[in-house]
Amino acid sequence: MTRSEPLVLGIETSCDETGIGIVRGRTLLSNTIASSMAEHARYGGVVPEVAARAHLEALQPAIEAAVAEAGVSLQELDAVAVTSGPGLAGALMVGVGAAKALAVSLGKPLYAVNHLVGHIAADILTGDDVEYPTVALLVSGGHTSLLLVRDLVSDVEMLGETVDDAAGEAFDKIARILGLPYPGGPEIDRAAASGDPDAIRFPRGLSRASDLAAHRYDFSFSGLKTAVARWIEQREAAGESVPVADVAASFREAVVDVLVTKALDACAQHGVPRLLLGGGVIANRRLREVALERAAAAGVAVRIPPLSLCTDNGAMIAALAAELISSGAEPSTLSFGADSTLPVTEIQVRG
């Protein structure tokens, strides 16, 4: 194995996307994603059992596609990597089982890694050097987390996370209330394009002075969801039409305001002039706009990986494992399992 540029295949099955990625060191060779989103649309959200079955069906074709795109053979791999957690337990188990089988059959070392830290690792595939420490804001359907990354492979601290709904979940729920299709993020974004973000002042969760002592860097979107629902109910009860565009824009602005405010506060308090954005919700146009604008005013540099590397993907898992290998980390044993609540401080699961 070339420790500086190991050839690694990564498997990601933490939610509803089967991701297979292959990297050579920090060079991306393939990034194959098979999504089961369409199967969940009828339910208005991700159904764990449906996701697990979809992973079972998609894994082999996705691995074959990734290998073909990368132009390598499985025998050439230096290592196999897999998401051990956090995520949906059943979905994780499919990926973990497949990774163990692949590693054993090939006689290759196996690295079990943290999904959230993988999102941070996605940025190293852009070809630019990543400076540490950095604050990372990860926003997806299942996670809203604010991290302090002092070193990618050895020192990641959770500053705050959602205490109820993740931001992506809130987008899905409000879209459903407004009669918009699933997934809600892109639909809210489209509806908000013609709306006034200042039309309605919705609450900013955990942002009052009384909240900051215990929840300075935590997020809460449940109260915001309830406030939007009640506002809509009151309009309908009064026989008035609901201005969907204005509601979408005002809701989106409330979410974005909280995310960016807390992220930049973390940068200021920890003396870190760098902010990394990751997760599928980063595709939200307004979130990127506000983050870039307000960060520039605060003297904070913002890094955003390509959107194809922001959503859940196997390439970020392979990239994290490649960094671990380069740092001299030993492989995981086969005794590790899927851990739906794996803490971010556990970057690699040894077993």
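**Exercise 1. Determine whether Lys262 is buried or exposed, and which side chain of opposite charge is nearest to it.**

Solution. Lys262 is buried, a term that denotes under 20% relative accessible area, whereas exposed denotes over 50% and partly exposed lies in between (1.4 Å probe, protein chains only). Next, consider charge, where Lys and Arg count as positive and Asp and Glu as negative, while His and the chain ends are not counted. The nearest side chain of opposite charge is Asp218, 7.1 Å away, and Lys262 has no salt bridge; a salt bridge requires a side-chain nitrogen of Lys or Arg within 4 Å of a carboxyl oxygen of Asp or Glu.

The model is predicted: local features need pLDDT of at least 70 and side-chain atom pairs pLDDT 80 or more, while totals for chains, interfaces and linings use all residues. Residues are numbered from 1 along each chain as its sequence is written, and side-chain values use heavy atoms, with hydrogens and water left out.

**Exercise 2. Identify which backbone oxygens lie 2.8 Å and 2.9 Å from a polar atom of the Lys262 side chain.**

Solution. The backbone oxygen of Leu206 lies 2.8 Å from a polar atom of the Lys262 side chain. For the backbone oxygen of Arg216, the corresponding distance is 2.9 Å. Finally, residues that Lys262 touches (heavy atoms within 4.5 Å) include Leu146, His215 and Phe219.

**Exercise 3. Explain why strand β7 is described as largely enclosed, and state which strands pair with it.**

Solution. Six of the eight residues of β7 (residues 144-151) are buried, so the strand is largely enclosed by the rest of the structure. Strands pair if DSSP finds at least two bridges between them. On this basis β7 pairs in the antiparallel sense with β6 (residues 134-139) over six bridges. Leu146 of β7 stands opposite Leu137. Antiparallel pairing over six bridges also links β7 with β8 (residues 155-161), and a hairpin of three residues joins these two strands.

**Exercise 4. Find the salt-bridge partner of Arg204, and say what parts the pair ties together.**

Solution. The partner of Arg204 is Asp257, with the closest N and O atoms 3.0 Å apart. Arg204 lies in the loop between α6 (184-192) and α7 (209-215) and Asp257 in helix α9, so the pair ties together parts that are 53 residues apart in sequence. Both Arg204 and Asp257 are buried.

Notes
Polar contact = N/O pair within 3.5 Å; in protein donor to acceptor, adjacent residues only side chain to side chain. Helix = DSSP H or I, 4+ residues; strand = E, 2+ residues; numbered from the N terminus. Lists of a residue's contacts leave out its neighbours within four places in sequence.
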